[in-house]
Amino acid sequence: MNDQVVQLSYALDTFYFLVTGALVMWMAAGFAMLEAGLVRAKNTTEILTKNVVLYAIACTMYLLVGYHIMYSSESGGFLPNLGFLIGAENSVDDVMSSGGDVYYSARSDFFFQVVFVATAMSIVSGAVAERMKLWAFMLFAVVMTGFIYPIQGYWKWGGGFLDAAGFQDFAGSGVVHLCGATAAFAGVLLLGARKGKYGKNGAIYAIPGSNLPLATLGTFILWLGWFGFNGGSELMVSNVDEANAVAQVFVNTNAAAAGGVIAAIILAKLWFRKADLTMALNGALAGLVAITAEPLAPTALGATLIGAVGGLLVVIAIVTLDKVKIDDPVGAISVHGVVGIWGLLAVPLSNGDATFGAQLLGIATIFAWTFIASLVVWGIIKAVMGIRVSEEEEYEGVDIAECGMEAYPEFNVGKK
C-alpha cells in the first residue's frame, strides 16, 4: 500500500508539473498577442514570426545544451559543465529508493524548465521590435537560450554560487525576467530608436500600437499563464501542506497583478490626466513580475502592495527610459527589468531567510553577466550581418521586408 501511495504521489506531482508547464507555454501566445497589439500594423507579421520561431529555437537549444548546463554542474560552483541532451528518465526503483527525494518525472522537469527559457527570450522580442533584422534576432536567440540564460540559471536554480550565497528567487523575477530584460537592454543600446520616435530638444513622439484589443487579450493570457509560472514552481501538490502552499501562490499571484493594475491606472490618471490602457496592461504585468521572486511568503494583502509598487515603478520607468531615448515599443525593459529588481528586493520583506545583501549580489550578477555576454553577442552579429533593417525597409514595414506579407493586407497599411 505504501508503494502505491508513493507511485500515486509521483504521478500526481508529475501531472501537476506538466499542466503548469503547459500554462507557461501558453504565455508564448500572450507575448505574441501583446507585442502584435503594441506594434504598428506594418510590423505585425514579423513580430508574430519572431514569437513562433524563438519558441522553437528555445526548445531545441535547451534540449541540446541548455538543460545540461543549468542542472548538471557542481553545487556552489561558478563554471558550469558543458554537455548535451537530458539524462535518463526515473525508474520505479529510483523513485522507491530515493526516500521521497525523487517525486516527479525528469522529463516533466525538463518540460517545465524549457518553457521558462522561451519566456525569457520572448521579453527580448518586444523591446527590439519594428527595426531589427529577423535573422539577426534568431541568431541571438540561439546563443541566449542555449548558453547565456542557462549559465546564470545554474548559478541559482542549478545549485551554483548564488544559491549557496542565499540568493532567493522563487520563480524567476531575476533568473527569467531580469535576465530577459537585460539582454533586451543590451540589444536596444546597439540598435537605436525607431525613426521618428525622438525629435530635437528632447521631443518625444508617441508611436501608437495597432490593436489594443489584441494587446489586452495578450495581457490576460499572460495573467492566466502566470498561475503556472509561479504555481508550478512550488514543485509539489501531493500533500496537504504543499496543496495549501500552491493555493497561496495562486492567490498572491492574482492579488499582485490586481494591485499593479490599480496603482498604474491611478498614477497614469494623475500624471497624464487620462486613464492610459497601455499603462494599465503594463501595470498588471509589473505586478506579476514583482511577486514572482516570492509568491508564497507574503499575505494576500502584502502581495497586493508588492504588485502595486511594481505598477507605480513601471509607469515611472517607461517615462524615464523615453526621456533618455531608450526606445522600447512594448515597455519590456521597464516591466521585466526595473520591476524584476524590485521583486527581488521585496523578498526579505516577507521571507526571513532572505537578506538584502544576497539579493543585491544576485541582481548584480545576473545583470552583469547577461549584459556583457549579450552586448558581445549583439556586437558580433552587428559586425557580421548587421542588426538593423534599412531606413527604407523600416518605413515600408518589416512585414514586407522580412516576411513578404502583411498581417492586414485588406487595409493597405504598408506605408502608414
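The chain carries 20 positive and 31 negative side chains, and 20 Å separates the centres of the two sets. Here Lys and Arg count as positive and Asp and Glu as negative, while His and the chain ends are not counted; each charge is placed at NZ of Lys, CZ of Arg, CG of Asp or CD of Glu. The model is a predicted one, in which local features need pLDDT of at least 70 and side-chain atom pairs count only at pLDDT 80 or more, whereas totals for chains, interfaces and linings use all residues. Residues are numbered from 1 along each chain as its sequence is written, and side-chain values use heavy atoms, with hydrogens and water left out.

Turning to the overall fold, the chain contains 15 helices and zero strands (DSSP runs numbered from the N terminus, with H or I of at least four residues for helices and E of at least two for strands). Along the principal axes, the C-alpha atoms fill a box of roughly 70 × 45 × 40 Å.

Of the 416 residues, 55% are buried (under 20% relative accessible area, with exposed meaning over 50% and partly exposed in between; 1.4 Å probe, protein chains only). Among contacts (heavy atoms within 4.5 Å) with a separation of 6 or more, 78% join residues 24 or more positions apart.

The UniProt record, in an unreviewed entry, lists residues 17-408 as "domain: Ammonium transporter AmtB-like"; such annotations may be inferred rather than shown by experiment. This span is 70% helix and 0% strand, and its end C-alpha atoms lie 38 Å apart.

Alanine 171 sits between α6 (161-164) and α7 (173-191) and is buried, with a relative accessible area of 0%. Leaving aside residues up to four places away in sequence, alanine 171 touches several others, including Phe116, Trp157 and Phe229. Isoleucine 291 is 120 residues away along the chain, yet 9.0 Å separates its C-alpha atom from that of alanine 171.

Leucine 235, in the loop between α8 (212-231) and α9 (240-272), has a positive phi near 75 degrees without being a glycine. Leucine 235 is partly exposed, at 26% relative accessible area. Lysine 325, likewise not a glycine, has a positive phi of about 65 degrees. The loop holding lysine 325 runs between α11 (300-323) and α12 (332-346), and this residue is partly exposed at 45%.
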